[in-house]
Amino acid sequence: MSIRSRELACGPGWRVHDVACTAGPRDRPFEEQHLGYAIAIVTAGSFGYRSTAGRSLLSPGALLLGGPGQCFECGHEHATGDRCLSFRFDPVLFEGIAATVPGVHRVAINAASLPQLPELQPLLVEAEIAAVEADATALEEIAVRLGGAVLTMLGDSSRASTFPTSRDERRVTKALRRIERDFRDELPLAVLAGEVAMSPYHFLRVFRQVVGLTPHQYALRVRMQRAALQLAESTHPVTRIALDCGFGDVPTFTRRFRRIMGRSPTAFRARHARYGIA
């Protein structure tokens, strides 16, 4: 049996690891202990998970949960191997997220897992894409969103509609201007939230209420907009445009451009060239 854990990204109070296990039915489980809060997305394989909060059989799409000091065991009685995308939180950060989640008044990891839930699937897919692309900024946002979503579901709280205050809207506006001005730069969630004197979770929630996107998604769309304009209005090579708009490499730019714009940069340029725009 072997367990391989590879750190994908980290920041103040959070870490994301790609964890692959090759244990099988002949391997005996052994007891471990969560040092902080843990939310692991099962991405492949299946395994039994037992903690002081309960026991579950986990498969892709399910979430493994853990709290500080909780002892646990993972077993592969029925099949060999699994893979997880593990988000780990220091208590101060996780409890800070809990303090700003509507309807959640305390942190209580009172379940060993959450099953495959349709409302969580888009977020889990985003997490896997960000992990493949090693996108640290996206993973930071996803960590905060995932923590808030899990706490909401564990708390079984009502989701009353809330509206941002004028003060919050001013703060979001300031962040929008910062993103638009420095769209080429990586702008971590904690930095943007700190600049407007808000907690990361509250800032992220209010930003999405006001804008309809997360800060990272908005920054990506700003980059894409600038790139699309350059493609339509200039004859600069795609490589130059990609780098000028803040993308580290052409394959990443092309993949994201196609996902958002619905066609490759070359096809986008050709289409607009036919209509005399470029």
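Author: A residue counts as buried when its relative accessible area is under 20%, and as exposed when that area is over 50%. Keep in mind that this is a predicted model.

Reader: Thanks! Which residues of helix α1 are buried?

Author: In α1, residues 91–99, they are Leu93, Phe94, Ile97 and Ala98. Each is called buried because the cut-off is under 20% relative accessible area. Val92 and Ala99, on the other side of α1, are exposed, so they come under the cut-off of over 50%.

Reader: What makes the buried residues line one face of the helix?

Author: Looking down the axis of α1, you find them within an arc of 140 degrees, so they line one face. They pack against β2, β4, β9, α3 and α6 (200–211).

Reader: Happy with that. Why are β4 and β9 called a pair?

Author: Two strands pair if there are at least two bridges between them. Strand β4 (residues 37–45) and strand β9 (residues 82–89) have eight bridges, in the antiparallel sense, so they pass that test. Among the facing residues, alanine 40 stands opposite serine 86, and isoleucine 41 has leucine 85 as its bridge partner.

Reader: How do you know that β4 also pairs with β7?

Author: By the same test: four bridges join them, again antiparallel, and at least two are needed, so they count as a pair. Here isoleucine 41 stands opposite leucine 63 in β7.

Definitions and conventions
Residues numbered from 1 in each chain as written. Predicted model: local features only at pLDDT ≥ 70, side-chain atom pairs only at ≥ 80, totals over all residues. Heavy atoms only, no water. Helix = DSSP H or I, 4+ residues; strand = E, 2+ residues; numbered from the N terminus. Buried < 20%, exposed > 50% of the residue type's maximum accessible area, 1.4 Å probe, protein only. Arc of directions from axis to C-beta. Contact = heavy atoms within 4.5 Å.
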